[in-house]
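Subject: Structure for you to look at

Hello,

Here is the structure I said I would hand over. Please open it first, then read the notes below with it on screen.

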Amino acid sequence: LYQTTGSRGLKWACVTGVAIAAATKPDATVDSVLGAIYDNCDKDLVVKELDLHLRNTGSIATIQELRRYFDWHYNGFGMPYPFSYANEVVTKGVTISRMVRGRTKEAVLGGGNMGRDADCVAAVAAGISGSLTGTAYLPQEWIAQLDLATEQNPHTCSKRTLQEHTDGLLGAFEKKMAGLERNIEHMR
C-alpha cells in the first residue's frame, strides 16, 4: 500500500472491513453493522465525520436527494486532488447501505448513480449490503451477465463464476477457522 504521511485511507478502509465482518454475523442488521463501526473505528476522525452525515441524511428518501446532499459536501473544489478521497467514498457507501436497508441491488444502483467515484461507492455500498443480505436482492440476470463477461474477458486472470468465487472464499475461511480451532485445542 502506498500511503502518504498522515494519510487517512487505512482508517477509512477499516470502516468497510468492520462493516462487512459485522454484516456476516448471524442475526446482523443494518443497525448492528453501524454499531460495530461506531464501536471499532477511529472515533476522532472517522466516526465523527460518518456520524455527521448519517444524522444529516437520516430523513433523505431518494438517491437523487442523497446525491444533492453529498455534492454540496464533497465537490472537490479547491482541493489539490479534486477527485474522491476515502472518506467520501466510504461515507457515501455506508449511507447508501443504510438507506436501502441492505438490499444489494438498490445499493449497486444507488452507488452507481452517486457521481464522482461512483464505481467505488457502489462497491462499498454493495459489499456491505451483500454481506448483510447475500444475493437475495440481486437479479439472476445480473449474475449471469457478470459470469458471461468474466468468461469472455481476455484480460482477466480468473475465469471463475461468481458462485465459484463465493465457494472458494467460504472454503478458505472454513479452512482457516479449522486451523485456528486446532491450534486452540492444542494449547489446552
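A helix, as the word is used here, is a DSSP run of H or I with at least four residues, and helices are numbered from the N terminus. The lining of a cavity is made of the residues that have an atom within 4 Å of one of its grid points. Please keep in mind throughout that this is a predicted model.

**The cavity**

Rolling a probe the size of a water molecule over the atoms shows where empty space is left. In this structure there is one cavity of 30 Å³ or more. The largest cavity has a volume of about 60 Å³. Its lining consists of Ala 19, Val 30, Val 33, Leu 34, Ile 37, Val 94, Ser 97, Arg 98, Ile 128 and Leu 132. Helix H2 (30–40), helix H5 (86–99) and helix H7 (118–133) are the elements that give two or more residues to this lining.

Which helix gives the largest share of that lining? The answer is H2, with four residues. Sorted by class, the lining of the largest cavity has eight nonpolar residues, one polar and one charged.

**Helix H2**

Within H2, the buried residues are Val 30, Val 33, Leu 34, Ala 36 and Ile 37. Viewed down the axis of H2, these buried residues fall within an arc of 155 degrees, so they line one face of the helix. The face turned away from that buried side carries the exposed residues Asp 31 and Asp 39. Among the elements that cover the buried residues of H2 are H1, H3, H5 and H7.

**Ser 97**

Ser 97, one of the residues that line the largest cavity, has its place in helix H5. Is Ser 97 buried or exposed? Buried means under 20% relative accessible area, and Ser 97 has 5%, so Ser 97 is buried. Leaving out residues up to four places away in sequence, Ser 97 touches Gly 102, Ala 125, Ile 128 and Ser 129. Of these, Ile 128 is also one of the residues that line the largest cavity.

**The pocket**

The structure also has pockets, and about 840 Å³ of space lies in the largest pocket. How many residues line the largest pocket? There are 22, of which Gly 130, Thr 135, Leu 138, Leu 162 and Thr 166 lie nearest its centre. At least two residues of this lining come from each of helix H1 (9–23), helix H6 (104–112), H7, helix H8 (140–152) and helix H9 (162–187). H9 gives the most, with six residues. By class, the lining of the largest pocket has 11 nonpolar, 10 polar and one charged residues.

Helix H4 covers residues 63–73, and in it Ile 63, Leu 66, Tyr 69 and Phe 70 are buried. Seen down the axis of H4, the buried residues fall within an arc of 120 degrees, so they line one face of the helix. Gln 64, Arg 68 and Trp 72 are exposed residues on the face turned away from the buried side. The buried residues of H4 pack against helix H3 (43–57), H5 and H6.

Rings count as a pair if their centres lie within 6.5 Å. By this rule there are two aromatic pairs. In one of them, the rings of Tyr 69 and Phe 70 have centres 5.1 Å apart and planes at 70 degrees, so the pair is edge-to-face. Tyr 69 and Phe 70 are both buried. In the other, the rings of Phe 70 and Tyr 74 have centres 5.9 Å apart and planes at 25 degrees, so the pair is stacked. Phe 70 and Tyr 74 are both buried as well. Tyr 69, Phe 70 and Tyr 74 form one aromatic cluster.

**Two loop residues with positive phi**

Asp 27 is found in the loop between H1 and H2. Its phi is near 65 degrees, a positive value in a residue other than glycine. Asp 27 counts as exposed, at 77% relative accessibility.

Arg 101 lies in the loop between H5 and H6. Phi of Arg 101 is near 55 degrees, again a positive value in a residue other than glycine. At 43% relative accessibility, Arg 101 counts as partly exposed.

Regards

Notes. Residues are numbered from 1 along each chain as its sequence is written. This is a predicted model: local features need pLDDT of at least 70, side-chain atom pairs count only at pLDDT 80 or more; totals for chains, interfaces and linings use all residues. Side-chain values use heavy atoms; hydrogens and water are left out. Rings of Phe, Tyr and Trp (its six-membered ring) pair if their centres lie within 6.5 Å; planes under 30 degrees apart count as stacked, over 60 as edge-to-face and the rest as tilted. Buried means under 20% relative accessible area, exposed over 50%, partly exposed in between (1.4 Å probe, protein chains only). On a 1 Å grid over the protein atoms alone, a cavity is a set of points where a 1.4 Å probe fits but cannot get out, and a pocket is an open set with protein on both sides within 12 Å along at least five of seven lines; lining residues have an atom within 4 Å of a point. Grid points are joined across faces, edges and corners, and a volume is the space filled by probe spheres set on the points. Ala, Val, Leu, Ile, Met, Phe, Trp, Tyr, Cys and Pro count as nonpolar, Asp, Glu, Lys and Arg as charged, and the others, Gly among them, as polar. Contact means heavy atoms within 4.5 Å. The arc is that of the directions from the helix axis to the C-beta atoms.
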